[in-house]
Amino acid sequence: MPACPQRRLTNRKEQRVETDLFIGGKWVPAESRFDVLDPATGDVIASVADGTVAHALAAVDAAAGAARDWAAKPPRARSEILRSAYTLMVERAEELAKLISLENGKALVDARGEVAYAAEFFRWYAEEAVRAAGSITTAPSGANRIVVVRQPVGVCVLVTPWNFPAAMATRKIGPALAAGCTVVLKPASDTPLTALALAVLLAEAGVPDGVVNVLPSRSSGQVVSAMLHDSRVRKVSFTGSTEVGRILLAQAADNVVNTSMELGGNAPFLVFADADLDAAVDGAMIAKMRNGGEACTAANRFYVEAPIAGDFAARLTARMAGLRLGPGADESTQVGPLVNEDTVAKVDSLVRQALDDGATATTGGTRPAGPGFYYPPTVLTAVSPGSAILREEIFGPVAPIVTFDSESEAVGLANDTEYGLVAYVYTGDLARGLRVSEALEAGMVGLNRGLVSDPAAPFGGVKQSGIGREGGHEGMLDYLESKYIATNW
Ligand code: NAP
C-alpha cells in the first residue's frame with residue numbers, strides 16, 4: 001500500500017478520508033474536483049477528484065494487468081483476503097457508519113445496520129470463494145465425459161447508487177473477487193467517500209494493486225460508456241434506476257458484455273384480514289422505513305383488506321407520527337434527511353399530486369422549511385387508483401394505503417406494474433401466503449416478514465427490476481463462466 005495523501009473533511013475534524021481516485025493501488029489526483037454535500041445542512045463536506053475517460057481507461061488497464069495473477073491465486077488465498085476485509089470492516093464499523101451517515105444523511109442506526117450488512121458480503125464470499133464447483137458427468141451416449149469448469153468472467157465494471165454506498169459496493173466486490181475477477185468501481189457522485197474508504201480497507205486486507213480500482217466521476221455516462229466499449233471489459237454489474245439500466249444494457253450490447261442489473265422497484269405490501277395486525281404493522285415499518293424509505297426494497301404501495309384497513313391505517317399513522325426526524329449524526333434521530341434536493345422535490349411532488357387526486361394525509365404530507373433535505377414520515381389514505389404515487393418509486397418516507405376486497409383483486413393490483421423486485425404478504429393462512437407468493441410477479445417475497453435482504457440469499461428482480469442475482473450461491477455464479485470440455489479418456 002503506497003503512502004496516501006490524507007485530506008480532512010471540512011466539518012468533521014476527526015474523520016479522515018481519501019478523496020482522490022484509486023487506480024492500480026495508487027491515489028491519483030484529477031484536474032477537476034467535485035463537492036460532496038452534507039444532506040442535513042447542504043454544506044460542502046469534501047471535494048473529490050473527478051475521474052475522466054482517460055482515468056477510466058487507466059483503471060481498466062490496471063484491472064486488466066492484475067487479472068491473470070488474481071485469477072490464478074489459490075481460492076483459499078482469495079478467501080482469506082476477503083475474510084480479512086470482513087474483519088477490518090467489523091473493526092471499523094463505527095467509523096464507516098459515521099461516514100455513510102455524513103455523506104448520505106441516513107440515521108446512524110440505519111448506517112450501522114448497513115455496515116453490518118455490507119461486511120457480511122465479504123464474509124459470505126470468503127466462504128464461497130473455495131466452493132466454485134464444476135462437474136464431471138458421463139454423456140448420455142456413454143461416448144465421452146462432460147467436464148465443466150468455472151472460470152472468472154474477467155474485468156468487471158461495477159456501478160453503484162447512493163442509497164447503500166457500502167453494501168451495494170461489497171455485494172458486487174465480494175463475489176467478483178471470490179470468483180477471481182478484477183474490478184473498476186464507479187460509485188454514485190453523491191456518496192463517493194464510503195467507496196474510497198472501502199478501497200483503503202481492501203488494500204489493507206491484502207487485495208493486490210489493480211484488483212480493485214475506485215473511480216468517482218461526475219461524468220458517469222462518459223466514463224462508464226468508455227469502459228464498456230473497451231474490449232478488455234467483460235462484465236458490467238449495475239445497481240440503480242431502471243432508466244440508467246436500460247442505457248447500460250444498450251451500451252453493453254455493442255461488445256456483448258455480460259450484464260447484471262439490479263434496478264428500481266415498486267414493492268406492494270399486502271395485508272389480509274386474517275393477518276396478525278401487530279406483526280403486519282411492525283413489518284410495514286421495516287419495509288417502509290428502513291433507510292428512511294430510500295431503498296429499492298421499500299414498500300411503495302400498501303394494499304389492505306377492507307375490514308381491517310381503518311385499523312391498520314390508524315396504527316401505522318401512530319407509529320409513523322412518533323418517529324424522530326433529524327440530522328443522521330444525532331443518536332436520537334430515527335429518520336434522517338433524504339440524500340439531495342431532487343429527491344425531496346420528487347417525494348413532495350408525488351404527495352401533492354396524490355392529495356390533489358383526493359388522498360388524505362393522516363400524518364406528515366408537508367415539506368418542512370430548510371436547511372437540509374428533510375421530508376416527514378407520511379401516511380396517505382383514500383389514495384386514488386390512478387395516482388402517480390402508486391406507479392412510481394417514491395424513495396422517501398411515504399406510505400400510500402389502498403383497500404381491496406378479494407385475494408384475486410389484491411394480486412391483480414400488486415402485479416399491475418412494470419417492476420418486479422420484491423413484494424410483501426401478511427396473512428395468518430400459510431396456504432394462502434404460499435399461493436399468493438407464487439402468483440406475485442417479483443424476484444423476492446417477504447411472507448409475514450418486512451425484510452428480505454440477506455447476503456446468503458439470491459437478491460434480484462424480474463420484469464424491469466433487473467437481470468441476475470446478488471448474494472447467495474447465485475451471486476458468485478454471475479461472475480463465473482462455465483467452460484465445457486468434451487473429454488475422452
Ligand atoms: P441512478 O441515477 O441510476 O444512478 C446509479 C449509478 O449510475 C450512479 O453511480 C450514477 O452516477 C450512475 N449513472 C447515472 N447515469 C449514468 C449513465 N448514463 N451511465 C452510467 N452510469 C450512470 O440511481 P440512483 O438515483 O443513484 O439510485 C436509486 C435507484 O437505484 C433507485 O431506482 C433504486 O430502486 C435503485 N436501487 C436498486 C437496488 C436493487 O438491488 N435492485 C438497490 C439499490 C438501489 P452519478 O451518481 O454520478 O450520477
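Domain 1 and domain 2 bury about 2000 Å² between them, with 54% of that on carbon and sulfur atoms. Buried area here is the accessible area, taken with a 1.4 Å probe, that two parts lose on being put together, summed over both. The model is predicted, so to speak of local features takes a pLDDT of at least 70 and side-chain atom pairs count only at pLDDT 80 or more, while totals for chains, interfaces and linings use all residues. Residues are numbered from 1 along each chain as its sequence is written, and side-chain values use heavy atoms, leaving out hydrogens and water.

**The two domains**

Where do the domains run? Domain 1 covers 5-263 + 466-487 and domain 2 covers 267-454; such bounds come from an automatic or database domain assignment. Their centres, taken over C-alpha atoms, are 30 Å apart. The contact (heavy atoms within 4.5 Å) takes 23 residues from domain 1 and 30 residues from domain 2.

The UniProt record, an unreviewed entry, has the annotation "domain: Aldehyde dehydrogenase" over residues 27-485. UniProt annotations may be inferred rather than shown by experiment. Over residues 27-485 the chain is 41% helix and 20% strand. Helices (H or I, at least four residues) and strands (E, at least two) are DSSP runs, numbered from the N terminus.

**The cores**

A nonpolar core is a set of buried Ala, Val, Leu, Ile, Met, Phe, Trp, Tyr and Cys residues joined through side-chain atoms within 4.5 Å. Buried means under 20% relative accessible area, exposed over 50%, and partly exposed in between, with a 1.4 Å probe and protein chains only.

| Core | Residues | Members include |
|---|---|---|
| Largest nonpolar core | 69 residues | Met89, Phe122, Ile173, Leu177 |
| Another core, apart from it | 33 residues | Ala267, Ala299, Ile401, Val422 |

Ile173 touches Phe122, Leu158, Leu185, Leu202 and Val212, not counting residues up to four places away in sequence.

**Helix α5**

Buried or exposed? α5 is mostly covered, with 13 of its 13 residues buried. After α5 comes Gly180, which has a positive phi, near 100°.

**A look at Val200**

Val200 sits in helix α6 (residues 192-205). Its relative accessible area is 18%, so Val200 counts as buried. Leaving aside neighbours within four places in sequence, Val200 is in contact with Glu18 and Trp27. Val200 and Gly25 are 175 residues apart in sequence and 9.3 Å apart in space, C-alpha to C-alpha.
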